[in-house]
Amino acid sequence: MKNIKYILITAFTMLLVFSSCKKDDPEQGEDNSFSVTIDGEDVDNSTFSYTEVGSPGKMAFRVKNNTSNEIRLKLEVVELIGSGSGIQLCFNNCSADITQGYEDFKVLASGEQSTTIQTKLTNGSDGSSDVTAKLSITLVDNDGVEIGLSKIVDFTYKYTAP
């Protein structure tokens, strides 16, 4: 009888340990540490198309920290087709002319969400040529290095000239 109790207690303990580890292991499940949305919709793997420049052609997005800890995020322009001249990208800082490989970092407190004034891409060019900018946001450490198998959110801004 003592052996059966011991086996049951051991099995139950192992089950608890395994299930608690599984929640913390991004390889085992979805990493929900942060979210990126436009008009309340998840942007991951989406393309947002525009035919106007200035405010009507602004892609305003929100980034939210879904954890109980402060997090550091990196936004990168991973691909740029066309000229980034006049394309303003704001994440933590605003850059008036983006280039492929441009990076910016943002720290969000627990539960903090950026506003669409803080995080946006605005086409301030003359609008005469097409532009496509693929953006990526990922969780990084204090040195700007991606954390393990952290979540990566990719989304694309596409402007088509009239």
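Predicted model: local features only at pLDDT ≥ 70, side-chain atom pairs only at ≥ 80, totals over all residues.
Residues are numbered from 1 along each chain as its sequence is written, and side-chain values use heavy atoms, with hydrogens and water left out.

The mean pLDDT, the predictor's confidence in each residue on a scale from 0 to 100, is 84 for the protein, and 81% of its residues reach 70 or more. Over residues 11-29 pLDDT stays under 50, and for this stretch the model has four contacts beyond four places in sequence; a contact means heavy atoms within 4.5 Å. Among contacts in the protein with a separation of 6 or more, 72% are between residues 24 or more positions apart.

Helices (H or I, at least four residues) and strands (E, at least two) are DSSP runs, numbered from the N terminus. In order from the N terminus, the elements run α-β-β-β-β-β-β-β-β-β-β-β-β. The protein has 162 residues, of which 37% count as buried; buried denotes under 20% relative accessible area, exposed over 50%, and partly exposed the range in between, with a 1.4 Å probe and protein chains only.

Three strands form an open sheet in the order 2-1-5, with antiparallel pairing. Two strands are taken to pair if DSSP finds at least two bridges between them. Strand 1, residues 34-38, is mostly covered, with four of its five residues buried. Strand 1 is joined to strand 5 (residues 62-65) in the antiparallel sense by four bridges. Along this pairing, Ser-35 stands opposite Lys-64 of strand 5, and Val-36 has Val-63 of strand 5 as its bridge partner. Towards strand 2 (residues 41-42), strand 1 pairs over two bridges, again in the antiparallel sense, and Ile-38 is bridged to Glu-41 of strand 2. The hairpin of strand 1 and strand 2 has two residues between the strands, and Asp-39 there takes a positive phi near 50°.

An open sheet of five strands has the order 3-12-11-6-9 and mixed pairing. Its edge strands are strand 3 and strand 9 (103-108), each of which pairs on one side only. Neighbouring strands of this sheet are turned against each other by 20° on average, direction ignored; the axes are lines fitted to C-alpha atoms, for helices over the stretch in contact, and angles run from 0 to 180 degrees between N-to-C directions. Strand 6 and strand 9 run antiparallel and are joined by six bridges. In this pair, Lys-74 has Phe-105 of strand 9 as its bridge partner.

The largest nonpolar core has 31 residues, of which Val-36, Met-59, Phe-61, Leu-73, Leu-121, Ile-137 and Phe-155 touch the most other members. Two or more residues of this core come from each of strand 1, strand 3 (46-50), strand 6 (71-81), strand 7 (87-90), strand 11 (131-140) and strand 12 (152-159). A nonpolar core is a set of buried Ala, Val, Leu, Ile, Met, Phe, Trp, Tyr and Cys residues joined through side-chain atoms within 4.5 Å. Beyond residues up to four places away in sequence, Leu-121 touches Gly-57, Lys-58, Met-59, Phe-61, Ile-87, Gln-88, Leu-89, Ile-98, Ala-133, Leu-135 and Tyr-157.

Tyr-159 lies in strand 12 and counts as buried, with 2% relative accessibility. Its neighbours, not counting residues up to four places away in sequence, include Tyr-50, Thr-51, Glu-52, Val-53 and Asn-123. The C-alpha atom of Tyr-159 is separated by 7.9 Å from that of Gly-57, although the two residues are 102 residues apart along the chain.

The structure holds one disulfide, a term applied to a pair of cysteine sulfur atoms within 2.5 Å. This bond joins Cys-90 to Cys-94, with an S to S distance of 2.0 Å. The link of Cys-90 and Cys-94 is right-handed, with 115° about the S-S bond. Cys-90 counts as buried at 0% relative accessibility, whereas Cys-94 is partly exposed, with a relative accessible area of 48%.
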